[in-house]
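Here is a brief report on one protein chain. Keep the sequence and the model open side by side as you read.

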Amino acid sequence: MIKKAIALFSTFCILLCLCACSSGSARDISMYDLKDAMAGATDKFSDMTYASSADDDAKGIFANISDMDYSKVNSFMIYYATNGTGNADEIAVIQVKNSKDLTEARQALEAHLEKRKSLYATYDKSQLKKLDAARIATNGDCAALIVGDEADKIYDAFQNFFEK
């Protein structure tokens, strides 16, 4: 009887550990290193500004790219053209705390892209082709928006970053 109780208790502990390990918790990712890897895939990015969850007003900065509940975000970064005029290039990545929120992060980036298209349609239609060719990608617990002349190269760099 005692052996059976010990076996049941051991099985319970193992199951508990397995559940804890598969909770969908976020990976440890350096957003700065990810930005460097993605932007480094092309020499087209110049005069860009970087902001991330490490900044003092991270929640306010995040509100500029998403209306997603910030409590669901583990980290984020945005790399965008400093002057904005004549250059719609942008890389934005949202890492969620729980992978079940990845679809919401992807949808938030899709909504951000649509807002940018509307904005550029009013004052710089030459950038619309670039915005129409934008890529939205996911990998694990991260969703990314990629706007640039060489979006496919940047997309590949995003995916390859996680293979290391």
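Which residues does E104 touch, not counting residues up to four places away in sequence? This is a predicted model, and the contacts are computed from it. E104 touches M68, D69 and K72. E104 and M68 sit 36 residues apart in sequence, yet their C-alpha atoms are 7.3 Å apart in space. E104 belongs to helix 4, which covers residues 102–123. Its relative accessibility is 29%, so E104 counts as partly exposed. That class lies between the cut-offs of 20% and 50%.

**The cores**

The largest nonpolar core has 24 residues. Those with the most contacts inside it are F62, I94, L113, L145 and V147. Helix 3 (58–63), strand 2 (73–81), strand 3, helix 4 and strand 5 each supply at least two residues of this core. Helix 4 gives the largest share, six residues. L113 touches L131, A134, I136, L145 and V147, not counting residues up to four places away in sequence.

Helix 6 spans residues 151–161. Its buried residues are A151, I154, A157, F158, Q159 and F161.

| Element packed against by the buried residues of helix 6 | Residues |
|---|---|
| Helix 2 | 31–39 |
| Strand 3 | 90–96 |
| Strand 4 | 135–139 |
| Strand 5 | 142–147 |

Strand 4 and strand 5 also pair with each other, in the antiparallel sense, over five bridges. N139 stands opposite C142 in strand 5. Two residues lie between the strands of this hairpin. There, G140 takes a positive phi near 60°.

**The largest pocket**

The largest pocket holds about 290 Å³ of space. How many residues line the largest pocket? The lining has 18 residues, of which I78, Y80, E90, H112 and R116 lie nearest the pocket centre. Strand 2 and helix 4 each supply at least two residues of the lining. Helix 4 again gives the largest share, six residues. By type, the lining divides into ten nonpolar, four polar and four charged residues.

How values were computed. Residues numbered from 1 in each chain as written. Predicted model: local features only at pLDDT ≥ 70, side-chain atom pairs only at ≥ 80, totals over all residues. Heavy atoms only, no water. Buried < 20%, exposed > 50% of the residue type's maximum accessible area, 1.4 Å probe, protein only. Helix = DSSP H or I, 4+ residues; strand = E, 2+ residues; numbered from the N terminus. Contact = heavy atoms within 4.5 Å. Pairing = 2+ DSSP bridges. Core = buried A, V, L, I, M, F, W, Y, C linked by side-chain atoms within 4.5 Å. 1 Å grid on protein atoms, 1.4 Å probe; cavity = no way out; pocket = protein on both sides within 12 Å on 5 of 7 lines; lining within 4 Å. Points joined across faces, edges and corners; volume = space filled by probe spheres on them. Nonpolar A, V, L, I, M, F, W, Y, C, P; charged D, E, K, R; others polar.
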